[in-house]
Amino acid sequence: MNTHVESEITLSRTLGLLDITMIGVGAMIGAGIFVLTGIAAGEAGPALVLAFMLNGIVTTFTALSYAELGSCFPEAGGGYLWVKEGMGGTQGFLAGWMSWFAHAVACSLYGLGFGRFAVELISLGYPDVLNYAAPLTLVFMTIIVVLFAFINLRGASETGLVGNVVTIAKVVILGIFIAIGLKAMVENPNLNVWTDNFLPHGLGGVFVAMGLTFIAFEGYEIIAQSGEEVKDPKRNVPRAIFLSLIVVIIIYILVAVVAIGAVRVPASAGNIPVWEYLEAAQEVAIVRAAEQLMGRWGGILILISGLASTMSALNATIYSSSRVSFAMGRDRNLPEVFGRIHPRMRTPHWAVIISAVLIVVMAFSLPIDEVAKAADVMFLLMFAQVNITLMTLRQRRPDLDRGYFVPWFPIPPLIGIVSNAALAVFLVVETGRVGLVTVAWLAAGVLLYLGYFRRKEEVEGPKEVIHQEALVSVDYSVLVPVADVGHAAELGRLGSYLAREHDGEVLAVHVIKVPRSLTLADGRLFLKEGREPIEKVIEVARDLEVPVHSLVRLGRDVSSALLKTAAENSSDMILFGWPGTSGTNNVLFGSVIDRIVSNPPADLAIVRQRPTKQLKRIVVPVAGGPNTHLAVITAVALARNTREGTEVVLVHVVVDGASEADAQARANNAFRRAVEGVDYPVQTEMVQAADPVAGILKMADAADMIVIGATKEPRLKNLLIGNVASRVAEQAPCAVMIVKRRSTMLAAVLRETVLPPVRRSEKLERLENGEK
C-alpha cells in the first residue's frame, strides 16, 4: 500500500493579509474591466454604473458566506470542500468540477486578453503586426500561461510577491485614469448623458451587462482557495475578502462613471451616444477613453495596465485552478496525481502543470467567448451551493471554530441563493448555447463521479469503519448508538425487543470522535475502548436471540457519523439513551442527539433511563398528536416481547373545567385513532388534572415505563419534541421513552437550512427557572 494514502498532505503557510488581499484584487481587476467594459456599456448604456453596483451587491451576499466558511475551513479547495462537507459527496464533486472548469476558462480568457493587448501595444510601433493578430494572440497567450505556471510551481510566496507588484501597478494606473476623468467631468460637465436615456435597453440590458461582467467579481473564491497557505487564516481570510471587494467595487464603479461621463464621442464616429461608441471599440474601449482623456501616452499607459491586469488575474486564477484540482485529487475525486506535493517546493506541481495544459488547450480549441459565459453560469451555481452549505453547516456543525459569523442569518445567504440562481437562469435563457455547454460539462462530471471517482474515493480514502460484523441480513433494523458500558445493556435490551417485533436486527454502533489535530486513520488507536460497549449490546441481544450487526466508526463529528450509518444501513428506528438535561438552555439532549432529533432520518426513540427490572405496565398518553400512533405501536412491541401479560394503558388527560360530554367524546376519538391496526389488548383510562403533564404524572407511580409521542411543532419553529414530552421525561419517577416519526422532505429542508438551530422550548425553560 502506498504510504501517502494514510498520511496528511498539506501546503506551507506563507501568505500574509496583503498577499491574499492582492490575490483577490488582482483576480477581480482583470480582463473584465478592460475587455468587457465596452461590450457591457453597449448593453446597459449609462446604467453600466448600476450594473457594476448591483453586481457588487449581489456578490457581497455570497462573499459573506465565503468569509464565514473560509475562517473555519482554511484548506486548499475552498467552495469545493465546503459543499462536500455540507451537502455530501456528489454535490461536493460537482462544485469542484464546476470550479475547476470555470477557473480554467477564466484563465484562457485572461490569457487571450493579454495576447490581444500585447499585439495592440506592438502595433503602435509596427502596424503590420495587426495582419497576424489572431496567431500572435495565441502565441503570447501560451507564453504568459507557461510563465505564470512556472511561477506558481515555485511556491505561494513567489506567486504572492509577483502578484502584489503587478496588482499595485495596475491599481495605480487605474487611479490616475479615474482622477483625470473625474477632473474632466468637473471642468466640463455633461449631465445629459445621465438623464436623457439612462436605460436605453431597459432593465434587461442591465441584467445582460451584469451577466457579462460577473466573472470579474469572483476573486474572493481565489482567496478561499488559498486558505491552506495563509498565516492566521481565521482572521486574515475574512478580512482579505472584504478589503478586496471594497477596493474592486469602488474602482469598477468609478471607471464606469468616467467612461460614460468624461468621454466625448469624436466627430469621425458620427452622432451616436457615448455607450455605442464604447461598444464599437469592444475590448479596447478603455484604451480609446484613455487616449481621449490623457492623449496617446494615456492609451499606452492603459494598455500597459491592461497587460498588468490580465497578468495578475491569470496568476491568481492559475493558482486557484490548481488548488481546487489539487484538493480534488487529494480526495480521490480526480486522478491521484493531482494530489501530489513537490517534495522541495511544497507546491501541487502536477495540478499546476495539468491545469496549465488545460488552459492552453481550451484557448486554442474552443469558442472561448461562449465558453466564458458558461463559466459564469458555473460560478453562479457554485456560489448558490456555497450559500446553501453555509445554512446547512450552521445547523449540522455548530461546533466549528468560526472566526466570522454572517450577520442577520439566514437572510444574506437566502438572498445570495436567489440572486445567483436568477442570474444563472437569465444567462442560460439569453444565450442558448451556454446552457448546452453547462449541461454537457455537468453531465460529464456526474458520469465520471458515479461511474469511477466515487468508488475510488470509497476504496482508497481513509477508512471510517474500522470494525464491522454482520450476522444476518434482515428487513428491519434498529440502530443503537452506545457510548459507554453503563447504558449499553439497557439500550441493547430495549433495542432487541423492538427489533424482535419485526423479525429484525440490532445495529449496535460506537463512534470514535477523532480530533482535527489527528488524521482520521489515527482514530484506530481508540478501537479497544469502542469495542467494550458494543460487546455488551451483543451479549444482551444474543441472550434474547436477536441478530446483531455491530460497527465501530471513525468521524470528526459524531452526529454526522450516525446519520451516515443510518443512511448506509437503511435503519428503520434509532434508539438513544438520555441521562437527563444537558444543563444549557439551548441544548436539550446534548449536541449529538439534538442534531438528529431535529431532523430524524428514521423513526426515533429516546429513553430517559431509570432502574427498571421488568416492564409490567406501560402507559401511553394519547391526545391525537402526530406521533401518538407510533407511541402505541412502540409500546405494544415492548409489551409483546418483554414478558407475557404486560399491560399497555392508554391515557387521555382531561383538563379541569372541560365539560364531561366533550371530554368523553375527545377521549373516545383519540383512543379509536390510536389503536387502529393494533392487535394487542390495551386498557384505556381518562384522568382529570390541571394540565396534561400533571395528569400523565398521576399515572407514572404505577407504571414501569411511559411511552410518549413528541408533540406537534409549529412549522416555522425548530422545537425538538415539545413541552409536554420534555417535562414528563424530566419529572416522571419511571423510565420514559419519547418517540418521533422520521421527517418529511419539506420539514427536513426547512430544518437543515432556513430555521434557526434547534433549541429547547421557551416555555420549558421558564418552568425550569421557576417562572410561569
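Predicted model: local features only at pLDDT ≥ 70, side-chain atom pairs only at ≥ 80, totals over all residues.
Colleague: Start with H5 and H15. At what angle do the axes cross?
Modeller: Roughly 60°. The axes of H5 (residues 89–123) and H15 (residues 349–365) come within 9 Å. That angle makes H5 oblique to H15.

Colleague: Is the crossing left-handed or right-handed?
Modeller: Right-handed.

Colleague: Which residues meet there?
Modeller: From H5, Trp100, Phe101, Ala104, Val105, Cys107, Ser108 and Leu112. From H15, Ser355, Leu358, Ile359, Met362 and Ala363.

Colleague: And how many of them are nonpolar, polar or charged?
Modeller: The contact of H5 with H15 has ten nonpolar residues, two polar and no charged ones.

Colleague: Switching to E6. Are its residues buried or exposed?
Modeller: Buried, six of six. The strand covers residues 603–608.

Colleague: Which ones point which way?
Modeller: Asp603, Ala605 and Val607 point one way from E6. Leu604, Ile606 and Arg608 point the other way. Both sets are buried, Asp603 and Arg608 included.

Colleague: What about E5, parallel or antiparallel to E6?
Modeller: Parallel, with six bridges joining E5 (residues 573–578) to E6. Ile574 stands opposite Leu604 of E6.

Colleague: And E11, how many bridges to E6?
Modeller: Five. E11 (residues 735–740) runs antiparallel to E6.

Colleague: Which residue in E11 is the bridge partner of Val607?
Modeller: Met737.

Technical notes: Residues numbered from 1 in each chain as written. Heavy atoms only, no water. Axes fitted to C-alpha atoms, helices over the stretch in contact; angles between N-to-C directions. Helix = DSSP H or I, 4+ residues; strand = E, 2+ residues; numbered from the N terminus. Parallel < 35°, antiparallel > 145°, perpendicular 65-115°, else oblique. Left-handed = near helix turned anticlockwise from the far one by under 90°. Contact = heavy atoms within 4.5 Å. Nonpolar A, V, L, I, M, F, W, Y, C, P; charged D, E, K, R; others polar. Buried < 20%, exposed > 50% of the residue type's maximum accessible area, 1.4 Å probe, protein only. Pairing = 2+ DSSP bridges.
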